[in-house]
Amino acid sequence: MANNKKKKKPIKVSVGVSWIYIILLLGIAWMFFNQSGGNPQKEEWADVQAQWLAGDIKEITFIRNEYEGHVTIKPERIEKYSDKFGGNIPKKSPHFIFLVSGSFNAEEMFGQLNAQLPENAAVKVVIESKENYWGFLEWIIFPLLLLVMWFFMFRGMNRNMGGGAGGPGGIFNVGKSTGKLAEKDSIKVTFKDVAGLYGAKEEVMEIVDFLKNPKKYTALGGKIPKGALLVGPPGTGKTLLAKAVAGEANVPFFSISGSDFVEMFVGVGASRVRDLFRQAKEKSPCIVFIDEIDAVGRARSKNAGFSSNDERENTLNQLLTEMDGFDSNSGVIILAATNRADILDKALLRAGRFDRQIHVELPDLKEREEIFNVHLKGLKLADDFNLEFLAKHTPGFSGADIANVCNEAALTAARRNKTLIDKQDFLDAVDRIIGGLERKSKIITPQEKKSIAHHEAGHATVSWLLPNANPLFKVTIVPRGQALGAAWYLPEERQLVTKDQMMDEMCSLIGGRVAEEIVNGQPSTGALNDLERLTKMAYGMVTFYGMSEKIGNLSFYDSTGARGYDLTKPYSEKTAELIDQEVKGLINEIHDKTLRILTEHREGFLELAALLLDKEVIFAEDLERIFGPRAGAATQQPTETVAEPSLSE
């Protein structure tokens, strides 16, 4: 029986910082409340004499070296003095205290008073000298306790908040730089690990080559570029490229975020900038990388009157001075990254600070293949996996998106209990990333499902019959994300778009709404996304691209972004009315053209909708069987085609 009993686990008591706080608080409370006796009242020596002669005093204790006497009243006489205690008679002695001068002779005075009383009524007298060993500590212990508590509080704050407001060194180092220093050979990322980005890599490799072989350039009188700004959409590899520069250059590398400069304390940002460049000069030659520099480099005086805090502008001014001021930063190269270069201050972008703007764009077909090769390492792929096909079906995907596709494909294959990842897993991953997760439990009435099928069939029919529209890849009426159906296209990666191409694209956009008008006699709310994109394209043709005869070759596009703070339009009210008329006329022309196409091919359009209701997902082969070869397919030059979905809500 004894062996079956469970052993009791020892109780572990952890002592944390909170226990120290409790002990300190108890010590302070003890100092204040640990006073001997109750609450004695102060009396004059003459009153004490009257109490003595009246026989009310039981005992007197006189402290010789402090000239202070403590009086204890007899218990049966204490009620007599209740008024002096405010009605609250103390339960502890002494009840009264009195102070005398240094010439007071206690033995003689107390003896004379006792001689006037009967022997059995004499007051007990105790005369003593008090040694106060705590005299000095009473003055120093309270400030000492406060200092100890303050130390532990701020140490805990710095530990829990990653350095707190004061940075890694605590609150006393609030003005110190929070940049991380990577020494030589500590970063293993090289240019071989960066797939694609050919133009961007060439420009930054020249900077690295200058740091490695400076005499090659200085011999001809050249100077090292002071800074390079990496500009591009999110996820294109700007930070990865900076890491590769750090790994290749083999020099000290400081990395910091733009938001790390700005704090709630006035002057902290400028102080951190000065400290960062001071450290960089000591480690020269070196590289300083500022990620998301738009957090501190936003154009100045754009929000005048709306904010009274100019700490960010002070920080930017200090950054401008350090990058190119009276003090030279020889051997210090500044790398920065942003995806919002349009809002940066012009003084920051000028030559001498950022000599180069390196554009890191979205990868093309060949670059996507290389990026896929990087992220496919370690994945178990099927034998018939086609990398080129996958790269063609991921248009506009950044490097981060491609990494996400590879991971989602692996998760999808594992969810289906597969041992290898095949093409369908990747296609489903692309669909999920762009369109969202399939909502199989979405309740759709038969009438709504029929309307969705005609809507998507209208998109597919118009895009198939117009030569300049994006080639269709597949159509589905399975709800995904916020969309009830989707048409997926293989758009050509064009650098220039003509008016005819834009018109055909707009006809394809409105095809779903026109199809609903033909079948149901009235439109529905499902074309919201289509109409939004259609309206933006129409206004872009008229106001930006000069594709309107009445407006002419005018463009009201603002590439600087400065007009966003202007509350007035750059054209008159009469011109605004004319723009609205042109846009409405353009959309009506597109609507009539789309209506004519769907009416002429009504039978094929209805057959396609019926097939879509039956299968829920159809591909380009089904449209070719119904309508024949795609319009203009024989005359078009082979181009790089990739998949881009067009969702219809």
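The following legends describe close-up views of a predicted model.

Local features are given where pLDDT is at least 70, side-chain atom pairs count only at pLDDT 80 or more, and totals for chains, interfaces and linings use all residues. Residues are numbered from 1 along each chain as its sequence is written, and side-chain values use heavy atoms, with hydrogens and water left out.

**View 1. The protein chain as a whole.** The chain contains 21 helices and 15 strands; helices (H or I, at least four residues) and strands (E, at least two) are DSSP runs, numbered from the N terminus. Of its 649 residues, 41% are buried, where buried means under 20% relative accessible area, exposed over 50% and partly exposed in between (1.4 Å probe, protein chains only). The accessible surface amounts to about 37000 Å², with 54% belonging to carbon and sulfur atoms; accessible areas come from the Shrake-Rupley method with a 1.4 Å probe, and for residues only the protein chains shown count as cover. Among contacts (heavy atoms within 4.5 Å) between residues at least 6 apart in sequence, 75% join residues at least 24 apart.

**View 2. An open sheet of 5 strands with mixed pairing.** The strand order is S1-S4-S3-S2-S5, two strands being paired if DSSP finds at least two bridges between them. Strands S1 (41-42) and S5 (124-128) form the edges; each has a single partner strand, so one side of each has no neighbour in the sheet. S1 pairs with strand S4 (residues 96-99) in the parallel sense over 2 bridges. Gln-41 has Phe-96 in S4 as its bridge partner.

**View 3. Helices H2 and H3 against the sheet.** Helix H2 (residues 45-53) lies across strands S2 (57-63), S3 (68-73), S4 and S5, and runs at about 145° to S2. Helix H3 (residues 106-115) also packs on the sheet, where it touches S2, S4 and S5, and its direction makes about 180° with that of S5. Axes are lines fitted to C-alpha atoms, for helices over the stretch in contact, and angles run from 0 to 180 degrees between N-to-C directions.

**View 4. The salt bridge of Arg-77 and Asp-56.** The two side chains meet at 2.3 Å, N to O; a salt bridge is a side-chain nitrogen of Lys or Arg within 4 Å of a carboxyl oxygen of Asp or Glu. Arg-77 belongs to the loop between S3 and S4 and Asp-56 to the loop between H2 and S2, so the pair ties together parts 21 residues apart in sequence. Arg-77 is partly exposed at 32% relative accessibility, whereas Asp-56 is buried at 0%. The structure holds 20 salt bridges.

**View 5. The salt bridge of Arg-64 and Glu-107.** The side chains of Arg-64 and Glu-107 meet at 3.0 Å, N to O. Because Arg-64 lies in the loop between S2 and S3 and Glu-107 in helix H3, the pair ties together parts that are 43 residues apart in sequence. Arg-64 is partly exposed, with a relative accessible area of 38%, and Glu-107 is partly exposed, with 42%.

View 6. Asp-275 is buried, with a relative accessible area of 8%, while Arg-278 is partly exposed at 39% relative accessibility. Elsewhere, salt bridges that share partners join Arg-416, Lys-418, Asp-422, Asp-425 and Asp-428 into one network.
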